[in-house]
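Welcome to the tour! Please open the structure in your viewer and keep the selection tool handy.

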Amino acid sequence: MNRADENSEVTATVSENRPDPVDRLDEAAIALEDLRGAFALHEPLDTVLRRVADSATKVIPDSDGVTITVLEEQTVRTAAATDDQLTEIDQAQYTAQRGPCLQAAITLKPVRAVVGNEVECWPEFDALAAKRGICAYLSVPLLALNAGGEEQLVGSLNVYSYTATAFDPFDEGLMRLFTTAAGMAITNAQAWHTNKQRLAQLETALVSRAAIDQAKGVLMAVHGCDANEAFAMLVHQSQNTNTKLRDVAHEILMTAKRN
């Protein structure tokens, strides 16, 4: 029997042991309904990712835990986990710079396998997963929309199971559907975070502008100069002391109050 026939036989055996597809679709529908509540909520990204992880455990019957890997500019981290023990398994992959969660993110393709079958590819991950009793895993790329409406990689959603026959191609398809919906919640969370940052920056700018105007008024009164000359004095002091303009203004106001 060749390898293709062996794989087909294994897949058929696994599928026979899995719950009825209709039942699994029902479970997925319930999980998506739970997740839909996150679309309209204004929450930090990590809070939404935890909600996504919790909902994902309901999509696949033999899912014993879910983590979410987030790829950031210079780091990789587990932003959400339904079981802290699984975070350790994720970290082993980050340290080794290889493993199913990174593979799914890099290739943008699902990775599904049984622990013990990929020892040569991911020895660090395989050894720790086996030590923790994990028998099967399914990692799916997680995408969201950027400000331009284009898909951007967030990371991967990783499902772990203590059952070797836990995942099959049908489960893989369900997780793709789920991550598409999850991407909407993540997009909403990222937009909320961006808007919050912009609001904070605007508030800071408004406070700084008010302080600078007041400091200009103090200088005009003390030196008998006009507004442009007072502002030039502020800029000159800022450059000479390598201090932000708003800090120079605050210092002038504090000095004026003390006097």
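Start by colouring this predicted model by pLDDT. Among the elements of the protein chain, helix α1 (residues 3–17) has the lowest mean pLDDT, 44, while helix α4 (residues 84–96) has the highest, 95. Now select residues 1–15: the pLDDT is below 50 over this stretch, and beyond near neighbours in sequence it has 7 contacts in the model. For the protein chain as a whole, the average pLDDT is 79, and 71% of the residues score at least 70.

Next, select residues 65–71, strand β1, together with residues 76–81, strand β2. Do these strands pair in the parallel or the antiparallel sense? They are antiparallel, with 5 bridges between them. Follow the chain from β1 to β2 and you will pass through a hairpin of 4 residues. Then click on Leu71 and look across to Val76 in β2, its bridge partner.

For the last stop, select helix α8 (residues 227–241) and helix α9 (residues 245–258). At what angle do these helices pack? The angle is about 110°, and their axes lie 9 Å apart. Because of that angle, α8 counts as roughly perpendicular to α9. The crossing of α8 past α9 is right-handed.

Now show the side chains where the helices meet. On the α8 side, pick Phe231, Leu234, Val235, Gln237, Ser238 and Thr241; on the α9 side, pick Leu245, Val248, Ala249 and Ile252.

Terms used:
Residues are numbered from 1 along each chain as its sequence is written. This is a predicted model: local features need pLDDT of at least 70, side-chain atom pairs count only at pLDDT 80 or more; totals for chains, interfaces and linings use all residues. Side-chain values use heavy atoms; hydrogens and water are left out. Axes are lines fitted to C-alpha atoms, for helices over the stretch in contact, and angles run from 0 to 180 degrees between N-to-C directions. Helices (H or I, at least four residues) and strands (E, at least two) are DSSP runs, numbered from the N terminus. Angles under 35 degrees count as roughly parallel, over 145 as roughly antiparallel, 65 to 115 as roughly perpendicular and the rest as oblique. A crossing is left-handed if the near helix is turned anticlockwise from the far one by less than a right angle, and right-handed if clockwise. Contact means heavy atoms within 4.5 Å. Two strands pair if DSSP finds at least two bridges between them. pLDDT is the predictor's confidence in each residue, from 0 to 100.
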